[in-house]
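This report takes up annotated positions and a helix pair. The structure comes first.

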Amino acid sequence: MSTTAEPSRKPMPSALTFARHAKCSTTKARASTLHLPHGSVPLPIFMPVATQASLKGLTYDQLRQTGCMLCLNNTYHLGLKPGQAVLDAVGGAHKLQGWDRNLLTDSGGFQMVSLLKLATVTEEGVRFLSPHDGTPMLLTPEHSISLQNSIGSDIIMQLDDVIATTSPDHARIKEAMGRSVRWLDRCIDAHKNPESQNLFCIIQGGLDLELRRQCCAEMVARDTPGIAIGGLSGGEAKEEFCKVVDTCTGLLPEEKPRYVMGVGYPEDMIVAIALGADMFDCVWPTRTARFGNAIVSSGTLNLGHKTYAQDFGPIDEECTCACCRPTKQGGLGITRAYMFHVTQKETVGAHLLTIHNVHFMLSLMGAARQAILEDRYPSFVRDFFSKIYDGDKSKFPEWAVGALRGVGVDLLAE
Ligand SMILES: [Zn+2]
């Protein structure tokens, strides 16, 4: 690899402050607050994905009511439509969508590689054919940053060279890791608004822990305001996923936020928090809502199933979202029977479940944070798994038991 750590550049300005409040005395879990230009975000946090500057079915007022302080927009989609000229004219994506809290944008690269079969990656950037009219286009690190500067998101992501973790081509994984470092340097040089937008680097290196270590050293030397661990959640074994997160967090500075990209199953997040991660995003909670699935403390319920036809309880007894709260407490008092009636038939079904699922994920993160603050995260994790598997330890997933044992929590202990 030709790249070497280059701390010779001048320090990058930062538009965030990261206040760490507590660290678990057993695991690597942290409770902190990320102060961003559009408000403070309690960490650990789940960030819902509003692809087209819209969280499907929700108004921004409803999104605010879930407690969301930071959500995602996709650069690829906004760059195609409304396009950079419109974003510049309106003054960025906050103004376009009427959202006064924080936004994070991805670089656009992942969307291209995953959505467009014809995308090819060279040192220059990602080449692809426009899905509108088939004309050849090129996304470079400079172009990605320019688009994200026009979007005005509070956190922007570097363009990285993303390879599926399951790829057997080790030489290609190594090349992608080195290229991601070189592209970070180009992103840093191209970034016009470091005083108002925070650029995060993305650690690559597939499932090869030595490559991950090398990448951590290179990326940390560039001193970006925050750090992401990328390229995961691509179908790799959960054991491998945990090893990569654990290895990387062990090499990252304590005083910066750590974002594990593409993770959004409750179990994965609870384990990754124990391994030292702070931020997560995933389309799953909102996507699965559209199929009638409610995320609750005992797992996932498919409310389209006829067992709920005469279930007049709330979606989740413990939930305080606008749907689950009784009407006498100012909520909508939505029942499982009503959800059965409307799910996958009426758009209101997807809409209500999206509110519930986002609220559930944010509440789960809030409860994890409180447990870390009170230094009882290990017992919180045991209770969490116990609820999902109804107290049956033989059903606990082996990958979670193993990963948690590595940070001092024995899920199987009496
Ligand atoms: Zn609810």
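With 29 C-beta neighbours inside 10 Å, Asp 106 counts as buried. The cut-offs: buried is 20 or more other C-beta atoms within 10 Å of the residue's own, exposed is 12 or fewer, partly exposed is in between, with C-beta atoms placed from the backbone. The model is predicted; local features need pLDDT of at least 70, side-chain atom pairs count only at pLDDT 80 or more, and totals for chains, interfaces and linings use all residues. Residues are numbered from 1 along each chain as its sequence is written.

The unreviewed UniProt entry annotates a "binding site" that includes Asp 106, Gln 204 and Gly 231. Such annotations may be inferred rather than shown by experiment. Gly 231 is buried too, because 30 C-beta neighbours lie inside 10 Å. Contact here means C-beta atoms, placed from the backbone, within 7 Å. Helices (H or I, at least four residues) and strands (E, at least two) are DSSP runs, numbered from the N terminus.

| Residue | Loop between | Contacts beyond four places in sequence |
|---|---|---|
| Asp 106 | β6 (102–105) and α4 (109–115) | Leu 72, Asn 74, Thr 75, Gln 111, Met 157 |
| Gly 231 | β12 (226–229) and α8 (238–251) | Val 162, Ile 163, Thr 165, Gln 204, Gly 206 |

Gln 204, touched by Gly 231, belongs to the annotated site itself.

Now the helices. α6 (residues 170–190) and α7 (residues 209–221) pack at about 5°, axes 10 Å apart. Axes are lines fitted to C-alpha atoms over the stretch in contact, and angles run from 0 to 180 degrees between N-to-C directions. The pair is therefore roughly parallel, a term for angles under 35 degrees. Among the residues making the contact are Ile 173 and Met 177 of α6 and Leu 211 and Cys 215 of α7.

Note on methods. Angles under 35 degrees count as roughly parallel, over 145 as roughly antiparallel, 65 to 115 as roughly perpendicular and the rest as oblique. Two residues are in contact if their C-beta atoms, placed from the backbone, lie within 7 Å.
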